[in-house]
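Welcome, and please get your viewer ready for a short walk.

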Amino acid sequence: MGYKKASFIENMAEKIGLIPDLHKEGYQEHDSDMRHFSDEEVAEMYENFPPPEKWNNWIEYDPKAWPKKKKTNYQIVPTTCFNCESACGLTAFIDKSSGEIKKFEGNPYHPGSRGRNCAKGPATINQVTDPDRILFPLKRKGKRGEGDWERISWDEALDTIADRIRKALKEDRHNEIAYHVGRPGHEGFMNWVLPSWGIDGHNSHTNICSSGARFGYNLWYGYDRPSPDHAEAKFILLISAHLESGHYFNPHAQRIIEGKMKGAKLATMDPRLSNTASMSDYWLPSYPGTEAAVLLAMALIILQQKLYNRSYLENWTNWQEYLEAKHPEKEVSFDNYIESMIEEYKEFTPEFAEKESGVKAEMIREIAVKIGEAGERFASHNWRSAGASNLGGWAVARCLHFLTVLTGAVGAKGGTSPNSWNKFKPEVPNPPKPQKKWNELHFPKEYPLAFFEMSQLLPHFLKEGRGKMDVYFSRVFNPVWTYPDGFTWMEMFMDESKFGLHTALTPTWNETAFFADLVLPMGLAPERHDINSYATHGGTWVAFRQPVLREAARRNGKPVKYTYEANPGEVWEEDEFWIELSWRIDPDGSMGIRKHFESPKRPGKKITIEEYYQYIFERIKGLPAAAKKEGISEFEYMSKYGAFEIEKGESYKMNENLLSKEQLKGSEVDKKNDVIRKNGKDIGVMINGEAMVGFPTPSRKNEFYSQTMVDWNWPEYSTPTYIKSHIHNDVLDKSKGEYVLVPTFRLPTLIHTRSGNAKWLVEISNRNPIWMHPEDAEKWNFKTGDLVKMNTDIGYFIDKVWVTQSMKPGVVACSHHIGRWRREQDTVGNRWATNTVDIENKEGGKWKMRTKRGIKPFESSDKDSKRIFWKDGGVHQNITHAVHPDPISGMHTWHQRVRIEKPGPDDQYGDIFVDTDKSHEIFKEWMSMTRPAPGPGGLRRPLWFKRAFKPDESTYYIKDKK
Ligand code: SF4
């Protein structure tokens, strides 16, 4: 960045006036010219973020006016990013003269992101100024899906929905109301709203995302997610590309690098040479679905070489239960435990793992020893990837956690903690009791252990007549595009007897909103309130997403009553929307709903946003004192800084927390397993004579042996196991051109279907070719750019080939996110990223899609829209995938068995064909693999298992005899 001599091209450009002459005599008088500063000085400037006391009056030179020195006076307001789940801190720079947001930078006061962002954070400004965004509430005209819309008022929208919900509740049709969410982005809000209505109405995207890994972790220790302490680790093992695109991407990435800079070694298991793998010390290019075999081979080495943490295993695993159940002939001794484990995993030699996975046995040995040597400082992560892609994918997280247990790294500094230990849980005002309903459209009997709602099967359940959705909300949720089998979703959305009133709550158009009845514009990151708290490291924080123009108005003495008064158009936010809607469902309070949404301080009055958040904030440990020090309320403190650090990294080994005398009063210890019980509930466990909290499992320990799996008809999986995937090499017929397609990987610059409205991001990434190794390309005679026909179980898509050494031979891959579309009749939206397509459904169940036009420049309020140079919008692959629900975890298993062939003369780039009759048959095939409830005692689900929006315990028992 220091001063550089002009190049020949620069000189020429200056001379002919293409660019200002930066090298003329006297030019150096512009002392804002950064070329006067050394690289070190520039680095220091970037570290010196404006101090909060100047946030209401911050002067910067306008970079667009350069080389003139034009000052802009900004008001800086913090919020959080909403482009992925990390919720990194952002600060909005609001031009005080125009009142417009001009840019976003990081927020150094956010303990998770520490001032840093990925490309998607600053690109929030593109989303705010996107000329295609939805600005007013809309109601469909004509038939659903025809693309005709009219503007309505918020009052009309609210009354329409409230009347329909009230009627359904009064007629005891609670299970016909559902809220289906893609990216939640808020903590606790809907847990307040939906149970207040008395419905089991939450449906999520989790079964196409992380529920496989969650299930694997939960079986071990009752927590469903890991919180790796990367910065303090000695060895880090990542299943897939967490450094560049993982869960809690930027916060984790910076800490992985911090760990590496302190000497940690990094290993990545991924069939692609991703950016993460290329930054690693070890790349393990495993064949998809064989990860568990590699992990078990490592476990065996750690056991054989006595690299395990003996005291941790002795105290914190349920080894006695294991020996009694699986080896009753043996004496219950710790040595027999180790011996039995070695015997159990003896087939998992590094050579066997190499045969399965293709990862060299020597590398497996070396890494196993390094993990053993790292001991408690072994951090690891599996989120989606292998856990979300394979039949039995949940076993990968279970085998990975096995290594964490063997090394004693569970909850240790530099190890891997349960996510909940590093996450804040809000207390809300007037909390409702758990609902007394169980919705079998979300948690059907066939999947008693499913870790989240079987949302990917909803259209099939509706198709076979299991029920209907009379009032359905899709929120930041786009199943027609993001889910497998989107045409079946489309068929059901178009049928008004299946989906009654469909309301899409969304900031921008998407393929699902085209099939809604009401499209209600909801705020982007800087236009809404939410609280966020995520397990980004060994500490706990809470952040406040807020509508920055509303906050600026408040600071400037011009407060507004509702957020849409400060936002562009009539863009609202969900929080106020749900409060308003709840009042309208129960206007006189007779249904018992309204009371939950009344002010905690002004009896009988509607709660305001400030009151809701103030109630939560004043209950956060340490926040009242911090606010008091500045002479402001807790709400004002969070509005000012945007985040608060609750705890700075003392939450290690929380399973060892001692139970107090008060807690122990009236409790008793189970002589068989030392579990401490009080009032029929387990509260802790005796460890070496001390009463400790333990883990929320039946044994209060890490469960190497799971009696739950035995009780629920899966005895073959009572201990960590390798399950052969549905795309295992054995089931592929290579002679017919069958390959495994990895369709899941994320690009660091995009996020699902939420970034098609960000021009900078789409400019960087706009195609999704098929990654193919040169060996495979040669076999098929493919060159980069050639068309390829990818045949799935239910249809095909035509894409282009990218020949690259970064792909494991024998495996092909296609990135997620790209291939967005709209039809001719649809309102324009996301034009930076969408192809215009034609969709045909001439024969029942047979769907064809053809790209009519790619992306092209357009006239708009944004001059850049005329400068679009890319034409290719990619191909929509997910819609050609059938549903493949894992019979245990319920997770959709994303990897596809595909048959590769050369396209025929009529095939064109972007062509898609799907047979939805076939997809329904495949749905039935996978359903037949389940082992349905009831389980022990007539239960529909183990009581100790987590469940989103957990209903009243009485609903857990199946009452009908069918
Ligand atoms: S990682 Fe990037 S997209 Fe995700 S919250 Fe942070 S800045 Fe936003």
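Start by selecting residues 265–269, which make up strand β11. Of its 5 residues, 4 are buried, leaving the strand mostly covered. Buried here means under 20% relative accessible area, exposed means over 50%, and partly exposed lies in between, with a 1.4 Å probe and protein chains only. Strands are DSSP runs of E with at least two residues, helices are runs of H or I with at least four, and both are numbered from the N terminus.

Before going further, a word on what you are looking at: this is a predicted model, where local features need pLDDT of at least 70, side-chain atom pairs count only at pLDDT 80 or more, and totals for chains, interfaces and linings use all residues. Residues are numbered from 1 along each chain as its sequence is written, and side-chain values use heavy atoms, with hydrogens and water left out.

Strand β10 (residues 235–239) pairs with β11 in the parallel sense over 5 bridges; two strands pair if DSSP finds at least two bridges between them. Strand β12 (residues 282–284) also pairs with β11 in the parallel sense, over 3 bridges. Which residue of β11 is the bridge partner of Leu-237? Select Ala-267 to see that partner. Ala-267 in turn has Tyr-282 of β12 as a bridge partner.

Next, go to residues 668–669 and 690–692. These are β21 and β24, the edge strands, each pairing on one side only, of an open sheet of 4 strands in the order β21-β22-β23-β24 with antiparallel pairing. Zoom in on β21 and strand β22 (residues 675–678), which pair in the antiparallel sense over 2 bridges. Glu-668 stands opposite Arg-677 in β22. Between β21 and β22 runs a loop that holds Asp-674. Its phi is near 65°, a positive value in a residue other than glycine, and at 33% relative accessibility Asp-674 is partly exposed.

Move on to the ligand. Which residues are around it? Select Cys-81, Asn-83, Cys-84, Ser-86, Ala-87, Cys-88, Asn-117, Cys-118, Lys-120, Gly-121, Phe-249 and Asn-250, each with a heavy atom within 4 Å of the molecule. This shell divides into 6 nonpolar, 5 polar and 1 charged residues. The classes are set as follows: Ala, Val, Leu, Ile, Met, Phe, Trp, Tyr, Cys and Pro are nonpolar, Asp, Glu, Lys and Arg are charged, and the others, Gly among them, are polar.

Cys-81 is buried at 8% relative accessible area, and Cys-84 is buried at 9%. With a disulfide taken as a pair of cysteine sulfur atoms within 2.5 Å, the count comes to 0 disulfides.

Two backbone stops follow. Trp-66 and Pro-67 are joined by a cis peptide bond, with omega about 10°, and Pro-67 sits in the loop between β1 (58–61) and β2 (71–80). Then select Arg-114, in the loop between β4 (101–106) and α3 (124–129). Arg-114 is not a glycine, yet has a positive phi of about 50°; at 31% relative accessibility, Arg-114 is partly exposed.

Another cis peptide bond joins Ala-933 and Pro-934, again with omega about 10°; look for Pro-934 in the segment after α29 (916–927). Asp-711 belongs to helix α26 (residues 707–711) and is partly exposed, with a relative accessible area of 35%.

Phe-869 lies in the loop between β32 (846–853) and β33 (896–901) and is exposed at 52% relative accessibility.
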